[in-house]
Structures are given as structure tokens and as C-alpha cells.
Amino acid sequence: MTDIAIIVLAAGKGTRMKSDLPKVLHRAAGRSLLGHVLHAAQALGPRRSVVVTGPDMAAVSDEARRIIPDVLSALQSERLGTAHAVAAARQTLEDFSGTVLMLYGDVPLIAAETLRAVCDLAGSGMAVLGFEAGNPHGYGRLLQDAAGHVVKIREELDASPSERSIRLCNSGILAINSKLLWSLLPKIGNANAKGEYYLTDLVELAAAVGATCRLAMCPEWEVAGVNDRVQLAAIEATLQGIYRQRHMLNGATLTDPGTVHFSADTVIGKDVTIEANVVFGPGVTIADGVDILAFSHIEGANVSSGARIGPFARLRPGAEIGEDAHIGNFVEVKKAMIGRGAKANHLAYIGDARVGAKTNIGAGAITCNYDGYEKHLTDIGENVFVGSNTALVAPVTVGDGASIAAGSVITRNVPPDALAMTRAELDLREGWAKRYREMKAARKAARRNK
């Protein structure tokens with residue numbers, strides 16, 4: 001199998017996004033557009049990966065390195081077309097021998113299987129990825145010979161009326177033998193309507209030297225690009241449809257699929273039930289047999305088998321929910337381990353904490369984890385009862401089997417099996433409320449009589 005290198009063109013400003021953020025860093029399904037492309041490409045096991053960026057786009061290189069630590073960056077100092085962008089990557093790949101795959105950082109739906117098919121067809125020549133467009137306006141058209149090989153790609157502005165009627169269109173993605181690429185790239189000129197150096201000219205140049213350009217096909221939606229936020233929303237909708245179907249076919253029940261939103265990396269086990277209006281942010285793993293009730297929000301969390309989450313629960317990054325644990329309505333968990341069978345059924349905040357197995361956290365209980373400067377740990381043992389409206393002021397430890405009375409403020413460690421209670425003595429004044437009401441009524445009557 002031929003070695004593969006990838007070049008991802010990501011230097012575009014994306015002015016139609018109306019944003020200070022580079023276009024390829026906008027997110028869909030919890031992942032940057034660039035991230036979607038790089039994850040698909042990495043499935044091919046490329047020997048080398050290069051991202052071409054523009055001036056003042058260090059954030060794009062940083063995002064690429066977060067996904068592929070050894071990725072290389074190339075700078076396109078002026079935006080003079082796609083061939084000019086690839087030329088900027090030449091220095092990073094001149095010693096590479098194999099197939100070079102050209103990708104675009106704003107085409108996030110592309111599948112790894114499709115990219116593999118393009119590379120397999122390239123051989124010692126090249127291959128382009130095409131699609132049948134419902135409306136071909138704006139796309140480059142693929143012109144074929146009698147054998148079905150692509151011999152030219154004609155951009156919309158340079159196409160004749162008959163060529164514009166062709167519905168076989170260019171996705172922009174192509175694979176080419178590295179030796180052929182570097183021999184042809186310097187021959188590309190800019191004598192066209194835009195005055196740019198088009199990578200698509202490689203096809204005609206390859207045909208002139210007897211190299212074959214084969215055609216791979218994909219559905220139009222798979223190579224949809226993003227130029228504005230309307231298209232970004234459409235990409236989001238497509239991804240959500242893909243993920244919902246995937247998780248249901250893998251054994252999860254979605255009671256109202258259209259209201260459940262996944263991230264690209266969400267992992268869902270089998271026999272999981274997900275009710276309506278549940279949102280999964282990045283970094284979530286849900287084990288088998290979990291119930292997630294309506295209006296819950298989960299991000300950066302792991303939920304073990306048999307657990308029950310929600311309704312209206314929030315799991316923030318670092319939440320680790322043990323087997324058969326219950327996190328109920330209006331409970332928030334952040335950077336905390338909840339032990340097996342533990343319960344926090346309503347109106348609680350558990351942050352920077354460890355909660356032992358079978359411990360019960362009462363309504364309104366909170367861990368006071370922040371002192372204004374630092375976060376501190378609350379360590380609650382097994383089989384502990386934490387009464388309603390308890391404030392645990394970290395750092396503090398509660399031993400196994402302890403009980404904490406409702407309304408307590410715990411500022412010191414509680415030994416195992418102890419009862420901890422902090423309450424002011426009850427001041428009971430019989431008849432006071434009646435006398436108070438009578439006094440207020442008398443004063444009000446006196447004001448009326450003046």
C-alpha cells in the first residue's frame with residue numbers, strides 16, 4: 001500500500017462568517033471544522049500531515065497540533081489560489097514519496113472511506129473526487145474522455161454554456177503521486193477569470209504528460225463546505241442526523257431523536273435510554289444500561305453502567321458517575337467521583353469532591369470548593385448521610401458511615417460513624433406572630449383615621 005501524506009488547505013479568512021475566529025475553527029457537533037477533516041484523514045494512517053494557514057492564524061496551527069501532535073504547518077503569505085497554497089507546503093514534503101491527498105479545512109462531513117477510495121485510485125497518476133450536483137451553479141465541472149477519465153476541470157467563471165450544463169462537479173479533493181505533483185505544480189499559471197493559481201489545472205497538465213486522472217464519487221452532501229453561519233447550521237443538522245442514527249443502530253433508545261444533540265466523540269453503550277432535550281458536549285462516555293432523563297446537559301463526563309441521570313441534571317468536565325448511582329433533577333456535578341449506588345436526587349452541587357458508595361446527598365447540599373483563590377477537595381466516605389441544605393466547606397473529610405444533620409455548615413473533618421450538627425439554639429416565643437399582626441393592623445387603622 002502506497003504511503004500517504006495529507007495537505008489540508010486552511011488559510012481562508014472566511015469573511016462571510018462575520019467573525020474574528022478563523023472559519024475552520026468554528027465548531028459543529030462539538031468539534032472544529034478542521035478537527036472533523038483531520039480526524040477523517042488520520043484514519044488513513046498518513047506518514048505526514050501538513051496544514052496550510054494564512055498570516056495571523058496561529059490558532060489554526062495550534063488546533064491542528066492538539067489533534068495531531070506532529071502535524072507540520074506551512075504559511076501561505078498571500079492568498080493567490082489553491083495551487084499557490086499547495087506550493088507553500090512543498091518544502092515540508094519534498095522528501096516524501098507516495099500519494100499526496102489534498103483536503104480543505106471547511107469540508108467537515110468527508111468520510112475516511114471516501115478518502116481511502118480516492119487515494120487507492122490515484123496510483124502513479126492522480127484521482128479526483130466528484131459528485132452529481134442537484135444544482136451545479138458555482139462548482140467546477142469535471143470533463144471526461146470516452147474511457148471515463150477526467151481530462152479537465154473547468155471552473156464556473158471559465159466554463160462555456162455547454163460545460164455549465166454538466167452536473168458532474170468537482171469537490172476540490174484530489175490525490176496525486178508526489179513525483180507527478182511537484183513536477184506539474186510549477187507549470188500552473190493564473191490566466192483565468194480570477195487571476196488565481198488553480199490546483200484543478202493539475203488534471204489537464206497530467207493528461208498532457210500521459211498521466212491518468214481517475215474519478216471517485218461521493219454524495220453531494222458529503223463534500224458540503226461552510227462559507228457562512230447558515231451553512232454551518234446545515235452541517236450541524238446533518239451531523240446530528242448521522243450521530244442519532246448511529247447510536248440508535250448501536251442499541252440506544254432515543255425517545256425523541258430530533259431533540260437530542262451529540263458531539264462527534266460521544267460514546268454511548270447499548271440499552272441506554274435518552275429522553276428528550278438532552279445535550280452531550282465533547283468528551284462524554286456513557287456505559288451500558290444508563291438512563292438519561294429529559295433536559296440534562298453532559299460534558300467531559302463518564303457515566304458507568306446502570307446509572308440514572310436527570311431530569312434537568314448537569315454533568316460538567318471531570319464528573320465520574322459510578323455504577324447504579326443517581327444524579328437527579330437540578331443536580332450539578334463538576335470534577336467529582338460519585339461512588340457506586342450513591343444518590344444526589346435533587347437540588348445539589350457537588351464540585352471537586354469524592355462521594356463514596358451508597359452515600360446519600362440531601363436536597364440543597366453543596367460542596368463549597370472555592371475559597372476565592374483555590375479549589376479544594378471534599379472527601380465524603382461510603383454510606384454517609386448528608387442532610388438537606390448542608391454546606392461542606394472544603395477542604396474537609398467526612399468518614400464512612402457518618403451522618404450530617406440538615407442545615408449544617410461543616411468546616412472540620414467528621415470522624416467515621418459520627419453525627420455532625422451545627423445549629424443555633426431555637427428561640428421560641430409563643431404568641432409573638434399573633435401580637436405582631438395585631439400591632440401592624442392597629443397602626444394601619446390609625447393612619448387611615450387621621
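Me: Which residues does Asn-170 touch, not counting residues up to four places away in sequence?
Reply: This is a predicted model: local features need pLDDT of at least 70, side-chain atom pairs count only at pLDDT 80 or more, and totals for chains, interfaces and linings use all residues. Residues are numbered from 1 along each chain as its sequence is written, and side-chain values use heavy atoms, with hydrogens and water left out. A contact means heavy atoms within 4.5 Å. With those close neighbours in sequence left out, Asn-170 touches Leu-129, Phe-131, Tyr-139, Gly-140, Leu-142, Ile-153 and Thr-200.

Me: Is Asn-170 buried or exposed?
Reply: Asn-170 is found in strand E10; strands (E, at least two residues) and helices (H or I, at least four) are DSSP runs, numbered from the N terminus. Buried means under 20% relative accessible area, exposed over 50%, and partly exposed in between (1.4 Å probe, protein chains only). The relative accessible area of Asn-170 is 11%, so Asn-170 is buried.

Me: Which backbone nitrogen does the side chain of Asn-170 reach?
Reply: A polar contact is a pair of N or O atoms within 3.5 Å; within protein, one must be able to donate a hydrogen and the other to accept it, and residues adjacent in sequence count only if both atoms are side-chain atoms. The side chain of Asn-170 makes its reach at 3.0 Å. The backbone nitrogen belongs to Gly-172.

Me: Which strand pairs with E6 in the antiparallel sense?
Reply: Two strands pair if DSSP finds at least two bridges between them. Here there are four bridges. Leu-101 stands opposite Ala-175. The antiparallel partner of E6 is E10.

Me: Which strand runs parallel to E6?
Reply: Six bridges make this pairing. Val-8 stands opposite Leu-103 in E6. The parallel strand, residues 4-9, is E1.

Me: Why is E6 largely enclosed by the rest of the structure?
Reply: In a regular strand the side chains alternate between the two faces of the sheet. Both faces of E6 are covered: Thr-99, Leu-101 and Leu-103 are buried on one side, and Val-100, Met-102 and Tyr-104 on the other. E6 is largely enclosed because the number of its six residues that are buried is six.

Me: What lies nearest the centre of the largest pocket?
Reply: A pocket is an open set of points on a 1 Å grid over the protein atoms alone, with protein on both sides within 12 Å along at least five of seven lines; lining residues have an atom within 4 Å of a point. E10 gives the most to this lining, with three residues. The lining holds 40 residues, and nearest the centre are Thr-82, Tyr-104, Asp-106, Lys-194 and Asn-227.

Me: How much space lies in the largest pocket?
Reply: Grid points are joined across faces, edges and corners, and a volume is the space filled by probe spheres set on the points. Helix H3 (82-88) and E10 each supply at least two residues of the lining. The space in this pocket is about 1500 Å³.

Me: Which side chain makes a polar contact of 3.4 Å with that of Asn-227?
Reply: Asn-227 sits in the loop between strand E11 (213-217) and H9. Asn-227 is partly exposed, at 27% relative accessible area. Not counting residues up to four places away in sequence, Asn-227 touches Arg-16, Met-17, Lys-23 and Asp-106. The 3.4 Å partner is Lys-23.

Me: How far apart are the end C-alpha atoms of H9?
Reply: The expected span of a helix is 1.5 Å times one less than its number of residues. H9 has 21 residues, so it should span 30 Å. The model agrees, with its end C-alpha atoms separated by 30 Å.

Me: Which elements do the buried residues of H9 pack against?
Reply: The buried residues are Leu-232, Ile-235, Leu-239, Gln-240, Tyr-243, Arg-244 and His-247. They pack against strand E2 (27-28), helix H1 (33-42), strand E12 (252-254) and strand E13 (267-268).

Me: Which are the edge strands of the open sheet of 10 strands?
Reply: The order is E12-E14-E17-E20-E23-E25-E27-E30-E33-E35, with parallel pairing. Each edge strand pairs on one side only; they are E12 and E35.

Methods:
On a 1 Å grid over the protein atoms alone, a cavity is a set of points where a 1.4 Å probe fits but cannot get out, and a pocket is an open set with protein on both sides within 12 Å along at least five of seven lines; lining residues have an atom within 4 Å of a point.
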